[in-house]
Amino acid sequence: MKINSSTSFYFEDTAFSGVHKIAEKVMHDIELVTGTAPVKGSEDSTVIFGTVGKSALIEKLEKEGKIDLSCVKGKREVYGFYVLENQIVIAGSDKRGTIYGLFHLSELLGVSPLVDWCNIKPVQKAEVEITSDNTMISNEPSVRFRGFFINDEWPAFGNWSGKNFGGVNAKCYEHVFELLLRLKGNYLWPAMWASRFSDDGPGLLNAELADELGVVM
């Protein structure tokens with residue numbers, strides 16, 4: 001199964017909006033590698049992704065015997081990564097599980113978790129082969145909350161966020177959350193010196209974005 005210029009993604013209407021946002025970031029990762037952005041397609045797309053209980057297609061594939069969700073259902077932050085003959089299927093036990101599974105595809109393509117934060121670009125290739133050997137079920141995290149603290153944010157982080165995004169707002173935190181989720185984290189202690197996370201979005205946009213992407217504050 002090859003990821004190349006003809007790759008497509010299937011976006012189910014029932015999926016979490018935050019999962020859709022991360023899928024678009026992974027599509028951009030593929031563009032960085034292959035030079036061509038994937039398209040949004042139908043149920044026979046190259047990449048199928050969904051969350052248990054939120055995806056009719058994932059349930060259909062299980063009923064057809066194409067995937068086994070027994071080690072995914074009821075787990076916390078777990079994903080199944082299944083390489084079929086003509087498709088990659090990513091099934092998460094919950095929202096974060098699906099997000100981690102999508103970013104796992106980026107890792108297999110050679111994309112660094114620091115691709116956005118540090119502008120580390122992947123090696124360009126016409127195509128990348130993903131084989132059945134890559135089929136796997138992730139482990140349930142042994143540490144429940146994993147993340148980082150934006151420590152002593154002034155002047156460095158505060159000045160940087162003001163210059164690039166107009167403040168420590170949702171435009172800024174989108175990049176922080178992306179880094180966190182690419183690293184399989186789920187928890188952030190925000191900037192606190194001269195910032196109020198739930199007021200600086202502007203308004204509640206920071207908190208709403210954290211909820212949408214599954215980040216615990």
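Helices (H or I, at least four residues) and strands (E, at least two) are DSSP runs, numbered from the N terminus.

I noted the ground rules next. This is a predicted model, where local features need pLDDT of at least 70, side-chain atom pairs count only at pLDDT 80 or more, and totals for chains, interfaces and linings use all residues. Residues are numbered from 1 along each chain as its sequence is written, and side-chain values use heavy atoms, with hydrogens and water left out.

**H1 itself**

I looked up the span of H1. H1 covers residues 17-34, 18 residues in total. From first C-alpha to last it reaches 26 Å, close to the 26 Å expected at 1.5 Å a residue. The expected span is 1.5 Å times one less than the number of residues.

I then checked burial (buried is under 20% relative accessible area, exposed over 50%, partly exposed in between, with a 1.4 Å probe and protein chains only). In H1, 13 of the 18 residues are buried, so H1 is largely enclosed by the rest of the structure.

**H1 against H6**

How do H1 and H6 cross? Their axes come within 7 Å and cross at roughly 80°. Axes are lines fitted to C-alpha atoms, for helices over the stretch in contact, and angles run from 0 to 180 degrees between N-to-C directions. H1 and H6 are therefore roughly perpendicular. I use these classes: under 35 degrees is roughly parallel, over 145 roughly antiparallel, 65 to 115 roughly perpendicular, and the rest oblique.

I listed the contact (heavy atoms within 4.5 Å). H1 brings Ser17, Gly18, Lys21 and Ile22, and H6 brings Leu209, Glu212 and Leu213.

**H5 against H6**

H5 is residues 170-182 and H6 is residues 205-213. I found their axes within 10 Å, crossing at roughly 25°. H5 and H6 are therefore roughly parallel to each other. I listed this contact too. On H5 it uses Ala170, Tyr173, Glu174, Phe177 and Leu181. On H6 it uses Leu205, Asn206, Leu209, Ala210 and Leu213.

**Trp193**

Where is Trp193? I found Trp193 in the loop between strand S10 (187-189) and H6. Is Trp193 buried or exposed? At 54% relative accessibility, Trp193 counts as exposed. Leaving aside neighbours within four places in sequence, I see Trp193 in contact with Asp152, Glu153 and Trp154. Trp193 and Gly158 are 35 residues apart in sequence and 9.3 Å apart in space, C-alpha to C-alpha.
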